[in-house]
Amino acid sequence: MTLVWLIVILLAGGTAAAIAARWSATLCRAIALLATLVDLALALFLWAQNNSAALDVPWLPQFGIHFHLSVDGLSLLLLLLTFFLGAIAVVISWTEITEAVGFFHLNLLWTLAGIAGVFLAADLFLFYFAWELMLVPMYFLIAVWGHENRAYAAVKFFLFTQLSGLLMLVAILALYFVHHSATGVYTFDYRALLGTPLAPQTSPGTAAPLTAITPHTEMWLMLGFFIAFAVKMPVVPLHTWLPDAHTEAPTAGSVVLAGLMLKTGAYGMLRFVLPLFPNAARAFAPVAMALGAAGILYGAVLAFAQTDLKRLVAYTSVSHLGFVLLGTFAGNTLAMQGALVTILCHGISTGALFALAGVLQQRIHSRELSRMGGLWTAAPRLSGAALFFVLASIGLPGLGDFVGEFLVLLGVYRVNVPLAVIAAIGVLAATFYGLRLVQRAFYGPNTHDWRFRDLVPHEGLVLGVMAVTLLWLGLYPQPVIRTFQPALNRLLAEVTTK
């Protein structure tokens with residue numbers, strides 16, 4: 001039952017926060033923070049209890065639909081990231097959100113509940129339900145509390161993610177009926193669908209068994225899932241919704257988008273695309289890896305060209321998540337370990353950069369780098385924190401992002417040297433846009449005579465915890481790697497034995 005509570009606490013906490021806001025905005029915020037912290041404590045308890053649990057209750061048994069929740073090392077680490085960044089999103093918006101506070105926290109916690117449901121669902125119908133659940137409240141977070149062009153950004157976000165989600169629904173239903181034709185059983189159960197017979201690789205002109213998924217069908221089904229997850233990651237050229245959504249979203253919305261919602265796409269690649277369609281995934285791997293390498297360079301170049309701070313950080317996400325796609329489809333242990341570490345560390349480092357961008361915008365009412373400069377003299381603690389997280393983002397050794405990207409490069413080098421070289425150039429390019437950001441925003445003369453409040457205690461606490469976490473992951477990532485390694489081994493076994 002612990003798994004159910006992880007979702008129920010967020011749904012109930014969001015509702016209670018919305019009701020409490022009628023009397024006290026502070027009480028509303030406190031309830032939302034408490035809900036995320038309780039879930040974080042429960043997830044830590046699961047981690048201490050060997051990180052495995054499951055719940056399977058018939059929901060619509062006549063259609064083969066179950067309320068089936070399951071957690072392993074992979075999903076548990078992403079749940080920990082969800083509740084960790086969820087609590088940070090509540091704290092960082094404590095003074096930013098002053099209008100419709102209750103509705104804001106309702107949408108924030110319901111978004112987190114949908115994301116948690118994605119990481120927990122072991123039934124594809126339930127997975128799709130959670131996938132769609134997180135879109136509507138995120139739409140409201142952008143459309144109601146966003147910045148100047150929030151309506152455009154919210155609609156664009158919703159259209160991209162909703163249409164790609166519908167494509168995945170078609171693929172899920174097709175797999176549902178194909179599995180029935182092969183086995184005689186209607187089910188959305190993940191483990192059962194893993195056992196769907198796949199046609200063996202045959203020579204041209206040889207007929208596939210009638211009771212197995214043919215290579216042609218497998219490829220189309222895989223693409224239905226892949227495109228939905230590629231939009232959410234996002235993968236170039238399906239990324240165009242992301243910079244607008246990040247730029248216009250409130251700070252908490254940007255933290256959740258970058259740190260969590262993009263990770264649902266990466267999780268989908270690992271959990272569904274590779275094991276459900278191993279032959280198609282292997283055949284498509286060169287294309288996927290090429291898209292990942294292109295995204296690394298494209299995101300880095302576009303980040304260097306930006307003058308808007310939040311837009312710059314948004315394009316760094318496109319670049320860094322290219323490493324995740326590259327490592328996922330490289331198909332070896334090192335690369336996939338790197339992809340998983342990058343998923344976690346990118347969520348923290350980029351979430352921190354968006355939090356800092358929000359803090360700056362609150363103080364100087366601008367995101368334009370041309371209006372900054374010399375901020376170190378005005379706010380040394382804020383500037384020092386920004387330098388730390390920029391260095392983390394560009395992969396400074398000793399911090400978590402370096403571990404993830406280095407493992408990806410090692411793994412990719414074993415299967416495709418040219419793509420590994422391109423990815424390494426992307427690491428170098430990250431140095432240029434990172435140092436350019438720091439130089440333009442924080443160094444040089446204070447030409448605008450900025451005088452504003454430095455980091456306040458709750459902001460410093462949040463950023464300090466995130467910095468310590470990245471330092472821990474950079475110096476001693478073994479506990480995290482040991483946690484997801486059994487799940488990764490099972491995933492590789494599913495991919496290689498079919």
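Predicted model: local features only at pLDDT ≥ 70, side-chain atom pairs only at ≥ 80, totals over all residues.
**Entry 1: H14 against H19**

I began with helix H14, residues 333-364, and helix H19, residues 457-475. Their axes lie 10 Å apart, and the two helices pack at an angle of about 155°. An angle over 145 degrees counts as roughly antiparallel, so H14 is roughly antiparallel to H19. I noted that the crossing of H14 past H19 is left-handed.

I then listed the residues that meet. From H14 they are Cys345, Ile348, Ser349, Gly351, Ala352, Leu356, Val359 and Arg363. From H19 they are Glu459, Leu463, Met466, Thr469, Leu470 and Leu473. Sorted by class, this contact has nine nonpolar, three polar and two charged residues.

**Entry 2: H13 against H17**

Next I turned to helix H13, residues 309-330, and its crossing with helix H17, residues 400-413. The axes of H13 and H17 come within 9 Å, at a crossing angle of roughly 40°. H13 and H17 are therefore oblique to each other. Here, too, I recorded a left-handed crossing, of H13 past H17.

On the H13 side, His320, Phe323, Leu326, Gly327 and Ala330 take part. They meet Glu405, Val408, Leu409 and Val412 of H17. I counted six nonpolar residues, two polar ones and one charged one in the contact of H13 with H17.

**Entry 3: H13 against H18**

I stayed with H13 and looked up how it packs with helix H18, residues 417-442. The angle between H13 and H18 is about 160°, and their axes are 11 Å apart. H13 and H18 are therefore roughly antiparallel to each other. The crossing of H13 and H18 is left-handed.

H13 contributes Leu309, Leu312, Thr316, His320, Phe323 and Leu326 to this contact. H18 contributes Leu419, Ala423, Val427, Tyr433, Arg436 and Leu437. The classes in the contact of H13 with H18 are nine nonpolar, two polar and one charged.

**Entry 4: The largest cavity**

I then asked how many cavities of 30 Å³ or more the structure holds. There are five. The largest cavity contains about 70 Å³ of space.

Its lining consists of Leu309, Val313, Leu353, Leu356, Ala357, Leu360, Leu382, Ala386, Leu437 and Phe442. At least two lining residues come from each of H13, H14, helix H16 (380-393) and H18. H14 gives the most, with four residues. By class, the lining of the largest cavity has ten nonpolar, no polar and no charged residues. Leu356 of H14, which I had listed in the contact with H19, is also a lining residue of this cavity.

**Entry 5: The largest pocket**

Lastly I looked up the largest pocket, whose volume is about 340 Å³. It is lined by 21 residues, and those closest to its centre are Asp72, Tyr190, Arg191, Arg271 and Arg490. Two or more lining residues come from each of strand S2 (65-71), helix H3 (73-92), helix H4 (101-120), helix H8 (190-194), helix H11 (251-276) and helix H20 (478-497).

Which element gives the most to this lining? I found that H11 does, with five residues. The lining of the largest pocket comprises 14 nonpolar, two polar and five charged residues.

Terms used: Residues numbered from 1 in each chain as written. Heavy atoms only, no water. Axes fitted to C-alpha atoms, helices over the stretch in contact; angles between N-to-C directions. Parallel < 35°, antiparallel > 145°, perpendicular 65-115°, else oblique. Left-handed = near helix turned anticlockwise from the far one by under 90°. Contact = heavy atoms within 4.5 Å. Nonpolar A, V, L, I, M, F, W, Y, C, P; charged D, E, K, R; others polar. 1 Å grid on protein atoms, 1.4 Å probe; cavity = no way out; pocket = protein on both sides within 12 Å on 5 of 7 lines; lining within 4 Å. Points joined across faces, edges and corners; volume = space filled by probe spheres on them.
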